[in-house]
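Please look through the sequence and the model below before reading on, and keep them at hand while the paragraphs lead from pockets to helices.

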Amino acid sequence: MSDLITKFKTLSISSPALSREQNAFNTQWQSVLKSGQVEQQLDQMNLFLRDNTFLVSTLQPTETDVEVFEAVLPLSKQLVSSTKDVKDVYAKYRHVFRWVDYLQNLLAVPSGDQLTLNHDLELPREII
Amino acid sequence: MVAQVSFEKENGFSSYFNYSSNLKVALAIEYATKDLKIQINDDLKTVQFVDQIQGQEFTLFNANAILCYAMNDFTGQDSEEFHFSESSLESFFRQQEVPQEHATVCVQKTLDNYLTSLEEPMTSLKLITFVNAFTLDPEQIIARFPTFPEKIKNAIVLAAKHTPRSSKNFKH
């Protein structure tokens, strides 16, 4: 079990009973994670997180959020640091970054390991 | 409301990925619970399941999740079998060149440890493992199970009908 999962389990966040639809979301993201497809599904994840606060469509994070977060955090840092057009990356993955930011603070990820976000950056309006 | 499901028709992925996704979608149609009515949407070119749940759109893009949802069976997802099926078998499908010797060994391991029978009633996990192994090495699976259950046979026919043909690494 990873350090972040251990840390998550110590937080007083109850595991809700999942509906059929939420169980399907859980399977979807576990499948993406276990088959090594997180990077390829980042666009889908952003789209999903546009309409849902967390990956299983729950009101609070689940272990699946934390497991996927472990894979997404380094990817997000790489995306932000490896482009000259930061604004474009922020705009494209704004919902993923919002989710990463929430989880890195919830899980008290050390500041040196965190994704550093410029919260003052003005982004173009999202067209849905 | 009738749910809509579509098959993978894009050629951007390997034919292994296309075929395994489509076979899972076809199995979802065959094994869906009685309360779930599913229609095939031929206009979409990628795997997607769309339904309306309490007035809101419910969408899935992952074939494993579609199969589990259709069967309303989410058991075994913390198991070693699910982990093996995803990280050892399914991870091959995203590669353009599958190392066949390695794949054959993995399918042998699947048959020895997990896929020991194809008797009904099937679970979603058993079907996912079956599809992943069958996609990688159909000869080995057919040698072990010369006769498939009727629903699996129907799904294989349906998946073949909806999967684009490719001259590269396509064995079905």
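The model you are looking at is a predicted one.

Under this sorting, the lining of the second largest pocket divides into eight nonpolar, eight polar and five charged residues. This pocket has a volume of about 490 Å³. Of the 21 residues that line the second largest pocket, those closest to its centre are A:Asn26, A:Thr62, A:Glu63, A:Thr64 and B:Asp78. In chain A, the helices α1 (3-10), α2 and α4 (63-81) each supply at least two residues of this lining, and the largest share, four residues, comes from α2(A).

About 680 Å³ of space lies in the largest pocket, and of the 22 residues that line it, the closest to its centre are A:Phe25, A:Asn52, B:Glu57, B:Phe58 and B:Thr59. The elements that give two or more residues to the lining of the largest pocket are α2 (20-34) and α3 (42-51) of chain A, together with β3 (48-53) and β4 (56-60) of chain B. By class, the lining of the largest pocket holds eight nonpolar, 10 polar and four charged residues.

Let us now return to α1(A) and consider how this helix is placed. Which residues of α1(A) are buried? They are A:Leu4, A:Ile5 and A:Phe8. Seen down the axis of α1(A), these buried residues fall within an arc of 100°, and therefore they line one face of the helix. That buried side packs against α4 and α6 (94-106) of chain A, whereas the face of α1(A) turned away from it carries the exposed residues A:Asp3 and A:Thr10.

A last stop is A:Val86, which lies in helix α5 (residues 86-92) of chain A. Is A:Val86 buried, partly exposed or exposed? A:Val86 counts as partly exposed because its relative accessibility is 28%, and the partly exposed class lies between under 20% for buried and over 50% for exposed. If its neighbours within four places in sequence are left aside, A:Val86 is in contact with A:Val80 and A:Leu121. The C-alpha atoms of A:Val86 and A:Asn118 are separated by 9.7 Å, while these two residues are 32 residues apart along the chain.

Key: Residues are numbered from 1 along each chain as its sequence is written. Chains are lettered from A and ligands numbered from 1 in the order in which they are written. This is a predicted model: local features need pLDDT of at least 70, side-chain atom pairs count only at pLDDT 80 or more; totals for chains, interfaces and linings use all residues. Side-chain values use heavy atoms; hydrogens and water are left out. Buried means under 20% relative accessible area, exposed over 50%, partly exposed in between (1.4 Å probe, protein chains only). Contact means heavy atoms within 4.5 Å. On a 1 Å grid over the protein atoms alone, a cavity is a set of points where a 1.4 Å probe fits but cannot get out, and a pocket is an open set with protein on both sides within 12 Å along at least five of seven lines; lining residues have an atom within 4 Å of a point. Grid points are joined across faces, edges and corners, and a volume is the space filled by probe spheres set on the points. Ala, Val, Leu, Ile, Met, Phe, Trp, Tyr, Cys and Pro count as nonpolar, Asp, Glu, Lys and Arg as charged, and the others, Gly among them, as polar. The arc is that of the directions from the helix axis to the C-beta atoms.
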